[in-house]
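Biologist: I'm new to this structure, so please pick one part and take me through it slowly. After that, carry on to whatever else is worth a look.

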Amino acid sequence: MRIRTLLGEPMLHFLLIGIALFAAYQWKTPVDSSGRRIVITRGVVDDLVTQHVAAKGREPSSTELNHLIESYVRDEILYREGVKLGLERDDIVVKRRVRQKIEMIAEEDASTRAPSDVDLFAYLTANPARFVQPAILTFEQVFLGESTSGPHVVHAVSVTREALRNGTDPDALGKPTLLPLRMIQTPADLVARDFGDSFASALEKAPVGEWAGPIDSSFGVHYVRVSDRTPAVAPQLAAVRDHVVREWENERRQRARTDAYAKMRGAYEISIEAKPTERP
């Protein structure tokens with residue numbers, strides 16, 4: 001009697017109809033458990049347009065946009081099919097790309113605040129060598145040979161010194177070389193590029209207006225006269241602000257990547273099952 005009364009309740013009828021409609025809907029449109037639904041959102045389209053503008057310098061036409069979307073769909077389908085087959089596992093290229101994206105996210109999270117002058121001044125003070133303005137050098141050199149030691153070097157210096165005292169043109173002395181015989185108003189770092197660090201450092205200490213040597217370079221030994229020199233100076237923040245900002249932001253990005261990794265690393269337990277054997 002109770003069952004017959006219950007079956008006659010309209011509310012039960014609505015509930016059963018609802019269950020039947022839901023089941024029919026599920027049968028017609030099953031849950032996408034295999035990742036076979038690709039949604040092209042407005043954000044995806046905007047990204048495709050932005051990439052096209054960056055590459056071509058203009059917005060894509062309707063035909064080009066359709067091609068871009070179809071290319072995106074193709075990439076997404078092939079990626080998903082590859083993941084289903086496990087092709088992304090142990091693929092160093094895929095791992096590197098994912099790592100780069102994670103690092104970019106960490107960098108973006110850390111780049112919301114612009115540096116203040118206090119930040120930049122502190123950074124400049126802590127890293128003066130990065131921003132020092134190099135000495136400016138004007139000099140001429142006589143190349144005495146590749147060897148930087150031995151009695152023949154002493155003899156070459158003596159002969160060259162005497163010839164210069166007698167008014168001989170420096171260009172006519174020494175051994176042939178492709179190195180510049182003179183450099184005018186040249187920063188010390190560019191001198192070091194051509195002659196080596198030790199040579200540039202020696203010129204920053206050599207007497208001005210006098211021939212001196214022997215001075216070693218990456219190529220041999222030289223007799224040198226520095227005719228003008230502006231010492232290296234530590235610049236004021238205003239003079240190198242843009243450079244300091246670039247270095248400060250670069251270091252912040254590197255620190256953000258390191259900190260993000262350290263945080264993620266702490267959530268993992270690493271077990272090394274077998275260490276590589278040492279090679280003889």
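Modeller: Let's start with a hairpin: S3 and S4 form it with four residues between them, and Gly220 in the turn has a positive phi of about 160°. Strands here are DSSP runs of E with at least two residues, helices are runs of H or I with at least four, and both are numbered from the N terminus. Keep in mind that this is a predicted model, where local features need pLDDT of at least 70, side-chain atom pairs count only at pLDDT 80 or more, and totals for chains, interfaces and linings use all residues. Residues are numbered from 1 along each chain as its sequence is written, and side-chain values use heavy atoms, with hydrogens and water left out.

S3 and S4 run antiparallel and pair over four bridges (pairing takes at least two DSSP bridges between the strands). If you look at Ala212, you'll find its bridge partner in S4 is Val224. In a regular strand, side chains alternate between the two faces of the sheet.

Now for the rings. Phe, Tyr and Trp rings (for Trp, the six-membered one) pair if their centres lie within 6.5 Å; planes under 30 degrees apart are stacked, over 60 edge-to-face, and the rest tilted. That rule gives five aromatic pairs.

Elsewhere, ring pairs join Phe139, Phe195 and Phe199 into a cluster. Tyr123 and Phe131 are both buried too.

One last stop is Gln133, in the loop between helix H7 (128–131) and strand S1 (136–145). Gln133 has 34% relative accessibility, so it counts as partly exposed. Setting aside neighbours within four places in sequence, Gln133 is in contact (heavy atoms within 4.5 Å) with Ala232, Val233, Pro235 and Val240.

Notes:
Buried means under 20% relative accessible area, exposed over 50%, partly exposed in between (1.4 Å probe, protein chains only).
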